[in-house]
Every structure is written in structure tokens, then in C-alpha cells.
Amino acid sequence: MALSTYLVPSAAKSAVALCLVVALPCLAIHVAFTGPLVTTITNFLVMLTAVAALGVFAGNSGILSFGHCAFMALGAQISATLTIAPAMKKSAFPLLPDFILQNQLGLVLALLVTMILVGTVAWAIGLAICRLNGSSASISTLGLLIIVESLIVAAQGYTRGNQAVYGVQKLINIPTALALALLAIAVARLFRDSRPGLLLRAGRENEAAAQSVGIDVPRQRLTAWVVSAMLSAMAGAMMAHFLTVFSPKQFYFDLTFAIIVMQVVGGMASVTGAVAGAVLVTALIEVLRRFENGLDLGFMQVPQIFGVTQVGLSLIIIVTLYRRREGLLGFAEIENFWPALRRVIGGAPIGGTPAAASPAPAGELAVEGVTKAYGGLVAVDQVNLTLRTGEILGLIGPNGSGKTTLLGCIAGTHAPTAGKVRIDQTEITGHPPYVVARLGIGRTFQNIRLFTNLTALENVMAALAQRHSAIPRQELESRALDLLGELKIAELAGRTAGTLAYGQQRRLEIARALALEPRFMLLDEPAAGMNESETNDLLGILAWLVKERGLGLLIVDHDMQLIMRLCQRIAVLNKGQLIALGTPAEVQRNPAVREAYLGRRHAEKMIA
Amino acid sequence: MSRFLKIGVSLAALAISTATGALADDVLKIGFAGGFTGYLAPYDQPTLQGIELAVDEINNAGGIDGKLKIEVITRDMRSEIAQSAVMAQELIDQGINVMLAPCDVDPAVAAGQIAQGAGIPTIAPCASTPTLPGIVGDYMFANYTADNLQGTALADFAIQQGYKNALILISKDTPYTEKLPGYFAKVFEAKGGKLADAVEFKMGQQDFSAEVTKIKQLNPAPDVIMTAAYEPDFPAFIKQLRSAGIATPVLGSDGIDSPTTLALGEIAEGVVFANAGFPSAGSPLAKFNDAFKAHFGQESSTVYTATGYDVIKIVEAAVKATGGKTDGASLREAIDNLENVPVATGTITYKGMNRVPLRVVALNRIVGGQKTHVADVTPNGADVPPAE
């Protein structure tokens, strides 16, 4: 396994730059100042760690978590239990077993033990939470927060219950906090561009599309969830050893919201954004709270008004969200502002012509008696079809005839009620879409589904990285560029996918599907919304896919001309049933087809 | 003039005002890192009013002993522990002689530890957890009626009423709702009473039918129920208790010293509860309330104004005891040895109390929707159970 799948050199550079940006001012303050500023900076570093930790999960998965303070609470609780002096431990936690009571660990060892324990707990919880999507996932994390808080309170004797844990050693100061914060930032930044980070971001952008290139989204979420929980536990431990006193209620809603505010203001999907958010919110509080103490403006006296900080902060958050919903930095990282860190991708000449991919081995995709019923409604009724490699099969039918449902039954997004689908001798029914994709079926979607906020290159790389778990980063990039080149969009590699023109997006979607090295491809209305030249363009690509790559294509489209021109065979569905299958000419002559499209009387008239 | 220039001017003015702030000498500086916003605001804001009143009175009379004026510097720690430490450090950098900590134990510890390190005495005006001074160290003092003191006063009253069999209603959600009845039970049992049961509730649960049924089924029935539940739990509990036909007397803590309890009407009739003082005619608390109204133009809304006032009286007494010395060590020593200092809520003694003051606990009975005075109790220091 290549190290560069996890440690991407460009991300490492970005991480180092980001760490320097954080470290230098903090060190300067550490050397030059004493007093409250030191406490403020230490607190900032602890919060920064917590924000970066949350970002590993929330930023990459797109699921906001309210539950990470639970991991902080556990981190604080466990690490403090390990570092408190044995004499004190006996009175604070009388029920703990002797080997814990009698031993005392240093900060580093305590952190390691804490992070491993919390990581294990997070893994177990994550098995359930990571299967959920969107807001149901967020709400379940809220439940996690409440449950963990109640458990800590209830475990009095092992914990201090609702009471403050005190006597924690002050092991966190600016240097130690800085070291740990930098660790969190670096891990977060490296994770973002690593293979699991890339796959997860693809899932964040579009789960259905991610599955269509074989990405098991819940599994990728679980990885990020565990990493992020471990870092959160570290942040919690830092907080405990910085404040030296804490109680369960401290790791609850207020802290949750303080962390989320920093993350949302800075930009949830960016590590640089996490840093920016933490810096900005801390700086604002520091400025605002000085106004709160009242001041003499020369011409007038402003009295002391409590609450200025909260009000000002809330206003700024509202304004930020109103003006920039993605947060100040959106998806940008530090290299987007620092040209020296940026590496030119795309457009660069690639050595030689891309190695021609060997054509897919011959075979067939067979649909056998597939039925899909929703209650009494039979959407697809006992359909039999065979698609061979190197052939284009058209699937047509009036609206509501079951075309998309049948496509879903093949791709694994719908489970057939009866019948089976197989590739050669391998049955693929009953598998989730990402497994079907891995078995050799690529697809494009009716309404193009790209990983919108990733670059064109990353779109293809995500699919490639899924397919080949261990190829080195450089090869991954060059293979992705080759694929883009084959679809004549190599010069767009560095562009964000969402900013591409419609035809380019369709090409990118096909390039991404090809990264799977599929033998068959399902295309749902690939020409929908295209003008004539774009359509012609597409026809060229599709013909190339069949001729050069030897793929078998199943195309659903309403554009009769396109279907007639392109397909060797056409299957016609009506009310879920296959009513005709044959060459374009045969199908055109078929009275049942005419009837389905035009109605019985029209059809009879035309035959007469 | 651009708005940036305006902001620049304000910032410059700000810098100058903070820089010159520390110049004046010959005053006693008291720093209060309070939670003036956030969940502590209902406690720390009234405390600050009481402090203001006491400082005004003393300064108008020429200062402590007629010469040393008091300056109060406040910082809002926004009810956050980390900010409590930041503000404490900021106050110490301003050269304060005495620190006042926020009203909750965790942030009070954070502020107290900073002051402990700097050798500056800290008083927590209204945190009631008796372990607080022990956690921080010898420079940390409590001021408010500690939970174990209050529990003892209520237990003494219960014994004196001849109750034999007590039930406590507790919630493990906060130390206050759990430990205070615990202290009560300890003293009650030590003095020959019997604990019938400890029934548990969850704060904010609304429905007390399970607890009430449990109490109803007890045999023998308890002859008194003691709880430290407060709003919204206490009103819900007592409504359901009384409507189940249970007429057992109920003892409560200072958490129910609020207009809501009085507004319960017939249901709350006869409930006895403890607090920091009762303003009977001619008492110091009545005098304080009058002075408060004269100063602020409104009635004092809670007893925390009076206990805030008390803190300044303690500092005044300590400075007098040192003969005008204001260094941390001398003040610490002086506070630790104070005895019978007259304050708004009665008297306060620190000597021999491990920095948790012995003070009057007032017992009140609700009669016809009004608080009536039952007794002022100063428990025997030896009866008070150790803080846990």
C-alpha cells in the first residue's frame, strides 16, 4: 500500500503552511506576553483543536454533528482519571478498580490511552450513526450528546457524577496546546486529501453518484467519524488539563454551539476555514468584550454594558451566514490564497499518448424475469433482456412505462420483487448499488450527478481511488488525467465540476464512470437538454465507448432519432412489460409499439 | 471621515482608557469576575447591585475607616469557565486586592485558582457548594449559606418539630438538588430521626405521579418531606402531592424563595423553607431592603442583593482588622479570623470554619401566600456535616 494514498504531498505542504500560520503568532505571544492574553490564546488553541476535530467528520461528510462534545466529555473524563494523583483519585472516584486508582500517567500516555478508548467507543456508535443520512444523522448525534452526558452523571463513583472534577493537573499551556492543535490541524488537512477523505467528500457531494462509482459511503463516514472522535477526545482532554476543573454540564449545548459557530463562520468543508473561524470568533470576542467595559470616547462616555459580546457575535454570525452560506472560506484551502503552494494540474502535456485501455472482456448482462411491484402497482413486469459487450441497446417507452425503475433494478438502487440480474454467471441482484458498480456496471444519471464542489480531476480520482485502493498518488492523478484526456477535457482538470458547461459535465460524468473500468454502462437520458451539436458530440463519444472500449451500453432516452441512429437493438417497455425487442426497423414496424406510443386508434389508422 | 477612522479613534480611546485605568492609588480594588450574561446572570447581576450599594455607602462615608475608598472593577465571564480564568487574570493584572468569583462552583474554582496562585484572597458571593474553598486552597472563601449549613438548619428544625420519620426527594442532576437533602438526612439521623426513603426525580420531568404514588404507599407514612427541588419541579411536585391527598408537611430550601412559590396559593400553605435571611421589622435585612429601594428606586428582587452587600462588609471588616493593610496575605489572615461581623443578613463568622462561613439561616413559613418568619437559626458548627 502506497504511503501517498494517505499522505498526499500537496496536502502535506498545505498542512505545513497552515501550521506555520497558526504557530508563529502563538509562539510570538508566548514569548512576549504574560497575563490574560496567554489564557485567551491557550483557550483558542483548545477550541481550534475541537473545531478541526469536528471538521474531519462534518466537513468531509457534510453531516453536521452535535455529538462531538460527548467525545470531548469522555476525553476529559478519561484523561483526568488517568492523570490525577492517586491520593486524590481515591476520594474522587472510589468505585474505580485498584490498578487505575494506584497509577498515574503523564499527559502523552494519558492522551494515547484516552484516544484509543474513545476511538473504540466511537467506532461502535458509528456503526449505527454512519448508516444515517442528512438531518436524521445530525439528530442522532444530538441523542448521543444527551446520552453520554446522562451516563457520566449516572456513573457517580466512577465519575464525579454531576459535580465538578477538580485537582486536574495544569498540563496544558501555550506550547503543549499548540503542539496538539497543530497535530489536529495537520491530521485534518491530510485526511481531507487522503483516499478515505476523497471518497467521503465524493459521498458528501452526491451519495447516489458516489455509490455509482462503487464508494461505500457509510464505511467512509465511519473512518472519518472515528478519527474525528479521537481528535475531539484529545480536545476534551486538553480542556480538562487547561481549566483544571470541569463538570459534565460544561461539555453540553453551549460548547457544542460555540464550536459549531466557529466552524460554520469559517467554512465547514475546509480546514483552513476551521482555523479562520476560530481566529475570527476569538478575535471578535476579544474586541467586543473590551467595548463592553465602557469607554471614554472624548466627546462622550460609553457606560459599561454587559451582553455586547454576545449580541455582537450573534449579529456577525447572522451576517456571515446571510452573505456566505458556505462560510467565509467555503471549500477553499490555504493554497487557494497562496499561489506558491499551488500545483498546476491539467493542461500540462502528458508524456506520450495515453496508453490505450484494453477492451473489456466479452460477456453479457442478463435481466431475467425481473419484476418490481409497489404494493398493487407493478412497475416492471417480468422483463427479460440481454445486453452484450460491444453493443448498444436502447430502452424506450412512454412516460411511466418503468424504464428508470428497470434501470434501478439493474444498478441496485431498487431491489427487484422477483427475477434476477446477472453478469455472465455472477448474480448481482440483492447487492447495494456500490457493490453492483464494483462488479462492472457504470452509470450516468438523467440529471447529471457530479461531485459538484470537487475539481474535475478529483471527480475521476475519487472513482479511481475506489477501484484501486493502493496505487500511488502520482499514478492516480496521471491516470485520472488520461481519462479526462480521452474525453477531451484534460484542460479542465483543475476546474470545479459545478462550473463546467453542460456538455463538459456529461463528458466528465462518463469519464468518472469509465474509471471503474466497467464492462457495461447504463445511461439514463444522456442527451436530455442538449442542443444538436452537443448531441452529435455525445454520439461520437458513445460510439467510441463501444468500439474502442468494447463496452455494452444500455441507453434510456426519449429522443427517438438518437435511439434509432445509435442502437443496434431496441427494447420497448409499456406499463412495465417488454412489448418489443429488435432492430430499430423491426421495432418501428411493431403495431404494439405504435399503439403504446400513439394510442390504439391512431395506430390502426397508420397501419391502414 | 470614513468609518474605519471612527473605529480607529474608538480603539485608540479604548487603549488609552485601559492604560490609564491602573494609575489611581490609595484605593482598595475589588475585582468581580461575574456571569453578567448567560445562565449565571440571575444571580450575579443582583449580587453586583448589592456590592454597588455597599461600596457607595462606604465611599460616601469617606472610605473604610474613613480613609480607604473602594473601587470595584467588573468583568463579564459570560458564564463560561475558561472566560472565568481569563477575566480573573485580567483583574489581577489590574492590581486588585480582593477577587469576587462567579456564582457557580466550576467557574469559581477557575477564578479562585488564578487568584490563589497570585496570593489574592477570593470570596465567592453566592456559590453554595461547601467543598469550594477546600478545592481551591487557603485563599478561597465562601460567603453564601453553604448547602451543608442549610441542611443542618432544616434538620434541626425538623427534630425540634418532633418529626421522626423523614423522606427526602432528590435529583442527581445537580449537586444542590442531591447533596443538600443528603446533608439534611445525615443530621436528621444523627439526631435520632429516621430516613423513610430517598425518592429520586429528574429535573424538568413535569409528571410526579410515580414519586407521589411511591410516597403514598410507604408504611409507616413519613411525617415530613424534605427537598431541594425548585422551579419548575417544586411547584409541579407539590401540586401533585397535595392533589393526591397527602398532607405531610414539606420542607424546602432557598431555591424556592421566589414569587412563583408564593403564587401557588392554598397548595403551598404551610411549606417551611430556609433562606439567607428574613426582613423582620428592625432587622438588618429590613434596613438593607429600605436602603436598596432608596438607592435603586425598586424593591430588591432576591436575597442575592443582600448577600452581595455582605461580601463588601466582610472585606471592610477584614481591612479594619489588619489596621489598613491591603496585601493579600494580611487580608487572607484577617478574613479567616473574622467573628460575628454584622452584615445585611445577620452575622458572619469565619474563625474555625475552614473558610465556609457560619451565618444565620432564616426559616420561613408560607401563610396565606406570604412569607412569615419562623426563626433565625445559627446551627452549631459541630453539627454541620463535612462537605462532600
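Biologist: Where is the place of B:Gly328 in chain B?

Modeller: B:Gly328 sits in helix H13 of chain B, residues 328-336. Helices (H or I, at least four residues) and strands (E, at least two) are DSSP runs, numbered from the N terminus. This is a predicted model, where local features need pLDDT of at least 70, side-chain atom pairs count only at pLDDT 80 or more, and totals for chains, interfaces and linings use all residues. Residues are numbered from 1 along each chain as its sequence is written, while chains are lettered from A and ligands numbered from 1 in the order in which they are written.

Biologist: Does B:Gly328 count as buried or exposed, and why?

Modeller: A residue is buried if 20 or more other C-beta atoms lie within 10 Å of its own, exposed if 12 or fewer, and partly exposed in between; C-beta atoms are placed from the backbone. B:Gly328 counts as buried because it has 20 C-beta neighbours inside 10 Å.

Biologist: Which residues does B:Gly328 touch, not counting those up to four places away in sequence?

Modeller: Two residues are in contact if their C-beta atoms, placed from the backbone, lie within 7 Å. By that rule, and with residues up to four places away in sequence left out, B:Gly328 touches B:Gly119, B:Ile120 and B:Pro121.

Biologist: How do I read a sheet?

Modeller: Strands of a sheet pair through backbone hydrogen bonds, either parallel or antiparallel. Here two strands pair if DSSP finds at least two bridges between them. In chain B, 7 strands form an open sheet with mixed pairing, in the order S7-S6-S8-S9-S10-S14-S15. Its edge strands are S7 (194-200) and S15 (370-377) of chain B, each pairing on one side only.

Biologist: In which sense do strand S10 and strand S14 of chain B pair?

Modeller: Strand S10 (residues 272-275) and strand S14 (residues 361-367) of chain B pair in the antiparallel sense, over 4 bridges. Look for B:Val272, which stands opposite B:Arg365 in S14(B).

Biologist: How many residues does the contact take from chain B and from chain A?

Modeller: The contact takes 27 residues from chain B and 29 residues from chain A. On the side of chain B that touches chain A, H3(B) gives the most, with 7 residues. The residues of that side divide into 12 nonpolar, 7 polar and 8 charged. Ala, Val, Leu, Ile, Met, Phe, Trp, Tyr, Cys and Pro count as nonpolar, Asp, Glu, Lys and Arg as charged, and the others, Gly among them, as polar.
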